[in-house]
Amino acid sequence: MPWIHDVLNSAPGDIPGQTLPWHLGVFDAHCHPTDTPSCQGKIPQMKARALIIMATRGEDQDRVAQFAESCGVTQISIPRLMKPDSHCQIIPSLGWHPWFSHQICDDSILGSEGTITQSNKLIHYRSIISPPPEDHEFVRSLPDPRPLSRLLDQIRGYLRQHPYALVGEIGLDRSFRLPENWLPNNHTERHPDMTPGGREGRRLSPFKVRIEHQKKILKAQLNLAGEMQRAVSVHGVAAHGVLFETIRDTWKGFEREVLSRKARKQRESAIKAHAGDEEDEGRVLQSGPSTSLLYPPRICLHSYSGPPDTLRQYFQPSVPAEIFCSFSVLVNLKPSTAAKTIEVIKAVPDDKILVESDLHCAGEHMDELLERMVKCVCTAKGWSLEKGVKQLASNWLRFTFRRKSEELHKIL
Ligand SMILES: [Zn+2]
């Protein structure tokens, strides 16, 4: 990606000559180092304090879990997140990206023995791909789909093994088209270092995955995150309205009451009198039935590229989940997107902004991208670098662990 270097050198928001106070803790909210497993060894030496690393497809779920085995945050290592000069750690995030949602099928299409046959594979792909592919060769080359229930069981298993893990990368994408098949002579173009399953420069076919199918896969994973009370990292491209509606459906009946100022004061003093903790406070303000929650407690809109209007819907006081927006140089500071991004950053509440690299390889370049993005946020918000780095660290800790950073400081 040669244009990355142009972006690094020319995008607005740079503060030349000012050194980023890395010692205060810089955190990546979304990246993909498992795409290049050979870079794993670079993670401990990175300047960033911690990375949230995303799974996307069948081939990388276990790699994300393996990365977590070797350098994942543990109960013992959490205190190091607040200490300068400590090694960079990771938080795993498990889930299926919308670009791979076609590989997941509804359990109802399974044969009587719970298996996938050639004919129900064809039925599945023809019903969820648009336009329905006449080219049976193309469909036959696609992998056998995995039943949704088994996929959710697998993610649930990983989440149980990794108590700090998130759910992601999940979401909706209306512009993505399925890559064409690998041809025998393409194999020489494949990068031996890359985890299989990605696009790797393949041409795109005319086929898209129907949005209804993507919604079903997204909703199931949002519900799982609610069940397990884990935060999620969400991808949304050319689908900002339908993405909001899909997420909103998961908290129907759990909206927070929007109280008048007087009623709110009365409510707050009642809560104080009962010395309720933060979690109780949330529950008291919820008007819905007291069944298990089906929406994630915290949601990060990663590399947010939507309009400010959609953003306002997420920050309505009735929304019971805590919403964060993260920004990356690679998506948000392209020459075509940078000006809009600055305006969106200004519109996001100070305590809800995160930064990310969204990069496929750990190491120095990931640090560079984070530095550029932090400086851009500080410029847009009018923050000093010290104030900005502290605020972004506090936001990341809140998003990842729910606790406010002041509370974390007390614990550590
Ligand atoms: Zn991503």
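Asp-193 touches Asp-35, Thr-36, Pro-37 and Ser-38, leaving aside residues up to four places away in sequence. This is a predicted model. Its protein chain has 412 residues, and 52% of them count as buried. The secondary structure comes to 15 helices and 12 strands.

**Asp-193 and its contacts**

- Asp-193 sits in the loop between strand E7 (166-173) and strand E8 (208-209).
- Along the chain, Asp-193 and Ser-38 are 155 residues apart, but their C-alpha atoms are separated by 6.7 Å.
- Asp-193 has a relative accessible area of 36%, so the residue is partly exposed.

**The chain as a whole**

- Take the contacts between residues at least 6 apart in sequence: 79% of them join residues at least 24 apart.
- The accessible surface of the protein chain is about 18,900 Å². Carbon and sulfur atoms account for 51% of that surface.

- Strand E2 covers residues 50-54, and five of its five residues are buried.
- Ala-50, Ile-52 and Met-54 point one way from E2. Leu-51 and Ile-53 point the other way, and all of these residues are buried.
- E2 pairs with strand E1 (residues 27-31) in the parallel sense, over three bridges. Phe-27 has Ala-50 in E2 as its bridge partner.
- E2 also runs parallel to strand E3 (residues 89-94), and five bridges join the two. Here Ile-52 stands opposite Ile-91 in E3.
- From E2 the chain passes through helix H2 (residues 61-71) to reach E3, and this β-α-β crossover is right-handed.

**Cysteines**

- A search of the whole structure finds zero disulfides.
- Cys-88 is in no disulfide, and the nearest cysteine sulfur, in Cys-71, is 7.5 Å away.
- Cys-88 counts as buried because its relative accessibility is 2%, where buried means under 20%.
- A disulfide needs the two sulfur atoms within 2.5 Å.
- Cys-376 has a relative accessible area of 0%, so this residue is buried.

**Helix H14**

- Helix H14 (residues 385-401) has 17 residues, which should span 24 Å at 1.5 Å a residue. Its end C-alpha atoms are 24 Å apart, so the two values agree.
- H14 is mostly covered, with 13 of its 17 residues buried.

**Cis peptide bonds**

- The peptide bond from Ser-130 to Pro-131 is cis, and its omega is near -10°. Pro-131 lies in the loop between strand E5 (129-130) and helix H4 (136-141).
- Gly-168 and Glu-169 are also joined by a cis peptide bond, with omega about 5°. Glu-169 lies in strand E7.

**Positive phi in loops**

- Which residue in the loop between helix H6 (211-228) and strand E9 (232-237) deserves a look? Gln-229 is found there. Its phi is near 55°, a positive value in a residue other than glycine.
- Gln-229 is partly exposed, with a relative accessible area of 33%.
- Ala-238 lies in the loop between E9 and helix H7 (240-250). The phi of Ala-238 is near 55°, which is positive in a residue other than glycine.
- At a relative accessible area of 46%, Ala-238 is partly exposed.

How values were computed
Residues are numbered from 1 along each chain as its sequence is written. This is a predicted model: local features need pLDDT of at least 70, side-chain atom pairs count only at pLDDT 80 or more; totals for chains, interfaces and linings use all residues. Side-chain values use heavy atoms; hydrogens and water are left out. Buried means under 20% relative accessible area, exposed over 50%, partly exposed in between (1.4 Å probe, protein chains only). Helices (H or I, at least four residues) and strands (E, at least two) are DSSP runs, numbered from the N terminus. Two strands pair if DSSP finds at least two bridges between them. A crossover is right-handed if, with the strands pointing away from the viewer, the path from the first strand over the helix to the second runs clockwise. The expected span of a helix is 1.5 Å times one less than its number of residues. Contact means heavy atoms within 4.5 Å. Accessible areas come from the Shrake-Rupley method with a 1.4 Å probe; for residues, only the protein chains shown count as cover.
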